[in-house]
Amino acid sequence: MPMPMPLPAPYDHHHAAAHANWANGRYPYPMMPPAPAPAPYVEHQKAVTIRNDVNLKKETLRIDPDEENPGKHLVSFTFDATVAGSSFMLMIIYNDSAGLHFSL
């Protein structure tokens, strides 16, 4: 029996890797991009407003010279408080060529 004649590509199926994007080994088709991953589930929670027990009214903050103690100053401000308690204030003041600066 004589040797069968090999089929020409792409019909010989020996070159299947060379025609990976051919449908059933015959017709080319464009490669489709992979589907996007689904968005991760995010659990939503009700927002909570953070309320401070003490609120300083910034527009009332003042530094005035102390009339009873020359060369000293008094700090005054208005605040709201929802609970009873005491407070401590640390104030840093420095003077440079641009003027007087302070930080609470």
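Start by selecting Asp 64 and Arg 62, whose side chains meet in a salt bridge of 3.1 Å, N to O. A salt bridge here is a side-chain nitrogen of Lys or Arg within 4 Å of a carboxyl oxygen of Asp or Glu. Side chains of opposite charge can pair when their charged atoms come close. Colour the two residues by accessibility: Asp 64 is partly exposed with a relative accessible area of 27%, and Arg 62 is partly exposed at 46%. On this scale, buried means under 20% relative accessible area, exposed means over 50%, and partly exposed lies in between, with a 1.4 Å probe and protein chains only.

A word on what you are viewing: this is a predicted model, where local features need pLDDT of at least 70, side-chain atom pairs count only at pLDDT 80 or more, and totals for chains, interfaces and linings use all residues. Residues are numbered from 1 along each chain as its sequence is written, and side-chain values use heavy atoms, leaving out hydrogens and water.

**Next stop: the other salt bridge**

The structure holds two salt bridges. For the second stop, select Lys 57 and Asp 80, where the side chains meet at 2.9 Å, N to O. This pair links distant parts of the chain, 23 residues apart: Lys 57 sits in strand E3 (residues 54-65) and Asp 80 in strand E4 (residues 73-81). Lys 57 is partly exposed at 31% relative accessibility, and Asp 80 is partly exposed at 39%.

**Stay with E3 and E4: a nonpolar patch**

Now select Val 54, Leu 56, Phe 77, Phe 79 and Met 89 and show their surface. Together they form a nonpolar patch with about 420 Å² of accessible area. Strands E3 and E4 each supply at least two of the patch residues. Patches are made of residues with over 30% relative accessible area and no salt bridge; like charges are joined within 9 Å, and nonpolar side chains (Val, Leu, Ile, Met, Phe, Trp, Tyr) within 5 Å. Accessible areas come from the Shrake-Rupley method with a 1.4 Å probe, and for residues only the protein chains shown count as cover.

Phe 77 and Phe 79 form a tilted aromatic pair, 6.2 Å centre to centre with 55° between the planes. Rings of Phe, Tyr and Trp (its six-membered ring) pair if their centres lie within 6.5 Å; planes under 30 degrees apart count as stacked, over 60 as edge-to-face and the rest as tilted. Phe 79 lies in strand E4 and is partly exposed at 46% relative accessibility. Phe 77 is partly exposed too, at 30%.

**Along to a loop**

Select Gly 85, which is in the loop between E4 and strand E5 (92-96). Gly 85 counts as exposed, at 77% relative accessibility.

**Zoom out**

Highlight residues 54-89, where UniProt places the feature "domain: MGRN1/RNF157-like N-terminal" in an unreviewed entry. UniProt positions follow the numbering used here, feature names are shortened, and annotations may be inferred rather than shown by experiment. This stretch is 0% helix and 58% strand, and its end C-alpha atoms are 13 Å apart.

Helices (H or I, at least four residues) and strands (E, at least two) are DSSP runs, numbered from the N terminus. Buried residues make up 3% of the 104 residues.
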